[in-house]
Amino acid sequence: MVSWSYGQKMTKKESENDDRNQPGLKYRYSFPDFLYYSALLAIPVVTAFTAVLDRSGAASLVYLLVLLGSVPVMLRFFCTHCPHYCRDENTLKCIFFWGLPKVFRQRPGSLGVMEKSISIAAPALFILFPVYWLLQAPGLLIIYLLSIIVFGASVRRNECPRCIYTDCPANNANQQ
Ligand code: SF4
């Protein structure tokens with residue numbers, strides 16, 4: 001990793017490796033990138049979990065299982081095609097996972113119809129699951145909706161236009 005601070009002169013090699021100087025694609029994510037998106041995603045998750053737990057302990061347990069269960073599903077059906085996953089390293093390091101062992105085999109190339117469907121259905125399930133309980137807590141519902149919008153807009157604005165996962169249906173890097 002390049003160590004550099006503003007005001008300090010970079011060598012040519014450091015400049016080539018530092019994505020702050022590359023307006024194009026993002027080939028590597030940093031730990032602060034991971035922390036930023038994890039914190040951003042934690043806002044709707046904690047808000048929804050609070051709303052569900054307030055009304056039903058059993059439902060909050062199911063919600064937790066839905067959240068945890070969606071991780072291996074997304075890894076298997078969506079992430080195994082991603083260049084960050086297909087990199088020749090034992091652990092996954094990207095905006096949503098850091099140091100996670102790769103238990104599924106890499107599948108470089110495009111996603112099949114079933115993989116695309118599951119990749120859409122899994123996040124849709126964990127977004128929609130808590131809505132019934134959130135409707136009973138309007139304040140939390142507003143925070144939930146706003147934080148989902150901010151999360152989605154941040155990924156869409158900041159990541160999709162420079163993402164190297166060109167087989168992802170949401171990728172718009174080639175439109176730059
Ligand atoms: S960047 Fe996204 S698609 Fe790629 S491995 Fe990470 S979470 Fe999966």
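Guide: Let us begin with confidence, since this is a predicted model. Residues 1-10 have a pLDDT that stays under 50, and the model has eight contacts beyond four places in sequence for this stretch. Over the chain, the average pLDDT is 89, and 86% of the residues score at least 70.

Visitor: How many helices and strands does the chain have, and in what order do the elements run?

Guide: The chain has seven helices and two strands. Read from the N terminus, the order is α-α-α-α-β-β-α-α-α.

Visitor: In which sense do strands β1 and β2 pair?

Guide: Strand β1, residues 91-93, pairs with strand β2, residues 98-101, in the antiparallel sense, over three bridges. One of the residues to look for is Leu92, whose bridge partner in β2 is Leu100.

Visitor: Which residues make up the largest nonpolar core?

Guide: A core is read from buried nonpolar residues joined to one another through C-beta atoms within 7 Å. Here the largest nonpolar core has 11 residues: Phe77, Phe78, Cys79, Cys82, Tyr85, Leu92, Cys94, Ile95, Phe97, Cys163 and Tyr165. A second, separate core has eight residues, among them Val52, Trp133, Leu134 and Tyr144. Of the chain's 176 residues, 14% count as buried.

Visitor: Which residues are around the ligand?

Guide: They are Phe78, Cys79, Cys82, His84, Tyr85, Leu92, Cys94, Ile95, Phe96, Phe97 and Tyr165. By type, this shell divides into 10 nonpolar residues, one polar and no charged. Cys94, listed around the ligand and in the largest nonpolar core, touches Tyr29 and His84 when residues up to four places away in sequence are not counted.

Visitor: Why is Arg162 classed as partly exposed?

Guide: One counts the other C-beta atoms within 10 Å: 20 or more make a residue buried, and 12 or fewer make it exposed. Arg162 has 17, and is therefore partly exposed. Arg162 lies in the segment after α7 (138-159).

Visitor: What does Arg162 touch beyond its neighbours in sequence?

Guide: Leaving aside residues up to four places away in sequence, Arg162 touches Gly24, Leu25, Lys26 and Ala173. Arg162 and Tyr27 are 135 residues apart in sequence, yet their C-alpha atoms are 8.7 Å apart in space. For the chain, of the contacts with a separation of 6 or more, 61% join residues 24 or more positions apart.

Notes:
Residues numbered from 1 in each chain as written. Predicted model: local features only at pLDDT ≥ 70, side-chain atom pairs only at ≥ 80, totals over all residues. Near = placed C-beta within 6 Å. Nonpolar A, V, L, I, M, F, W, Y, C, P; charged D, E, K, R; others polar. Helix = DSSP H or I, 4+ residues; strand = E, 2+ residues; numbered from the N terminus. Contact = placed C-beta atoms within 7 Å. pLDDT = per-residue confidence, 0-100. Pairing = 2+ DSSP bridges.
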